[in-house]
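Hello,

Here is the structure I promised to pass on. My notes follow below it.

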Amino acid sequence: MARLVMKFGGTSVADIDRIRNVARHVKREVAAGHEIAVIVSAMAGTTNALVDWCREAAALHDAREYDAVVASGEQVSAGLLAITLESMGINARSWQGWQLPIRTSDAHGAARILEINGAELIKRFKERGEVAVIAGFQGVHAQTSRITTLGRGGSDTSAVAIAAAISADRCDIYTDVDGVYTTDPRVVSKARRLDKIAYEEMLELASLGAKVLQVRSVELAMVHNVRIFVRSSFDEPESIDPHAAPPGTLICGEEEIVEQQVVTGIAFSKDEAQISIRRVADKPGVAAAIFGPLADASINVDMIVQNVSADGATTDLTFTVPAADYERATSVLTGAKGKIGYQRLDGATDVAKVSVIGVGMRSHAGVAARAFKALAENQINIRAITTSEIKFSLLIDANYTELAVRTLHSLYELDK
Ligand code: ADP
Ligand code: ASP
Ligand code: MG
């Protein structure tokens with residue numbers, strides 16, 4: 001007997017038929033004698049619709065009310081799954097974030113889980129053989145008792161946090177692909193499923209654009225040593241042997257991975273914007289004058305490149321910000337123009353960041369240099385570069401994203 005967390009994303013609970021399919025997956029594990037906590041997302045498209053309603057009601061709205069609205073999607077799917085399980089003769093009870101409770105910070109819209117009480121769930125596993133169906137994405141702020149949400153894709157984080165709280169043996173993330181691939185399989189048909197991937201690599205993949213797992217869920221799994229297994233909810237539930245290893249990807253410690261490639265995966269993101277500040281005086285304090293106000297406005301700056309301006313006497317600073325913050329960033333910088341002292345501000349939103357990830361880069365030199373050459377051969381211009389121990393990222397024109405990803409995927413022998 002094991003204790004399992006099973007998480008189902010939006011497409012996996014998209015309608016009543018899909019919810020029945022989820023219930024059959026749960027039934028299979030219950031029949032195998034396991035104790036089960038299920039975490040569900042809102043039905044596909046629901047959260048987007050709720051977010052749109054908030055915006056339509058008022059472009060600038062209170063984040064506490066945003067959370068009150070968007071958390072409702074998961075409440076519906078949790079209740080529906082509990083009803084479906086009961087109708088199949090399986091003891092089940094739904095739980096919302098405030099009921100367990102899942103205590104979070106008060107950062108509405110992007111709250112962090114602080115503490116989960118799993119005692120009641122465990123008691124019910126033991127005494128009633130009851131399946132817990134938990135609404136993902138939401139929690140409650142202890143002091144104000146207000147509903148909070150964990151940021152888009154946050155049900156993954158709910159699942160991992162619950163797994164840690166109830167000491168689950170495994171956290172199965174059921175989704176619409178059968179694992180983590182070398183790159184997004186919906187964009188590159190030659191992408192390959194990985195049997196295993198190290199926490200650190202998954203963390204980079206997720207934070208650099210692969211939305212298969214929320215970044216925070218991987219961080220939590222790494223800290224609490226939760227074994228995440230990403231698998232498909234679209235398999236026939238009854239045809240899966242609960243005692244055999246199904247197709248999927250295990251996210252685990254680096255030491256568990258025997259055959260390590262230099263490059264493990266490629267991520268990309270089109271949610272980037274580039275800002276160039278031209279002809280800034282090349283003297284101490286300039287970077288602080290530029291990046292200080294952006295930090296004060298909570299705008300995350302990512303890639304930074306500084307080079308000599310065309311006049312040879314001043315400097316140009318180029319950097320990226322999230323596309324969603326582009327307008328705000330340019331207005332902050334225009335406001336601070338007098339203080340910074342620059343001639344011109346150029347911006348571009350038609351850019352993309354392509355990132356190559358692999359723990360093998362620690363021990364191999366020249367990995368990035370090969371990418372520069374391959375992209376040059378395809379006439380793809382690189383606007384900015386950043387590197388760290390296990391990854392490098394390149395900023396390019398968004399039109400070339402797919403070509404660049406495919407080129408690098410072949411270059412590092414990730415194709416089938
Ligand atoms: P869910 O609704 O189940 O949470 P998501 O849509 O959030 O599912 O995440 C699954 C999607 O992530 C896949 O459909 C796929 O297009 C995308 N994805 C991006 N990069 C990868 C990758 N490297 N491996 C697998 N899926 C990826
Ligand atoms: N329903 C939420 C979202 O769409 C959370 C999730 O699916 O993980 O972002
Ligand atoms: Mg998701």
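**The sheet**

Strand 13 (residues 265-280) pairs with strand 15 (residues 315-322) in the antiparallel sense, over seven bridges. Strands here are DSSP runs (E, at least two residues), as are helices (H or I, at least four), numbered from the N terminus. Two strands pair if DSSP finds at least two bridges between them. Ala 273 has Val 321 in strand 15 as its bridge partner.

This is a predicted model: local features need pLDDT of at least 70, side-chain atom pairs count only at pLDDT 80 or more, and totals for chains, interfaces and linings use all residues. Residues are numbered from 1 along each chain as its sequence is written, chains are lettered from A and ligands numbered from 1 in the order written, and side-chain values use heavy atoms, leaving out hydrogens and water.

Six strands form an open, antiparallel sheet in the order 14-15-13-16-18-17. Strand 14 (304-308) and strand 17 (384-388) are at the edges with a single partner strand each, so one side of each has no neighbour in the sheet.

**The ligand**

Which residues come nearest to ligand 1? They are Thr 175, Asp 176, Tyr 181, Asp 184 and Arg 186, out of 16 around it (a heavy atom within 4 Å). Polar contacts are pairs of N or O atoms within 3.5 Å. The side chain of Asp 176 has an N or O atom 2.8 Å from an oxygen atom of ligand 1. For a polar side-chain atom of Asp 184, the distance to a ligand 1 oxygen atom is 2.9 Å. For an N or O atom in the Lys 211 side chain, it is 3.3 Å.

Best wishes

Terms used: Polar contact = N/O pair within 3.5 Å; in protein donor to acceptor, adjacent residues only side chain to side chain.
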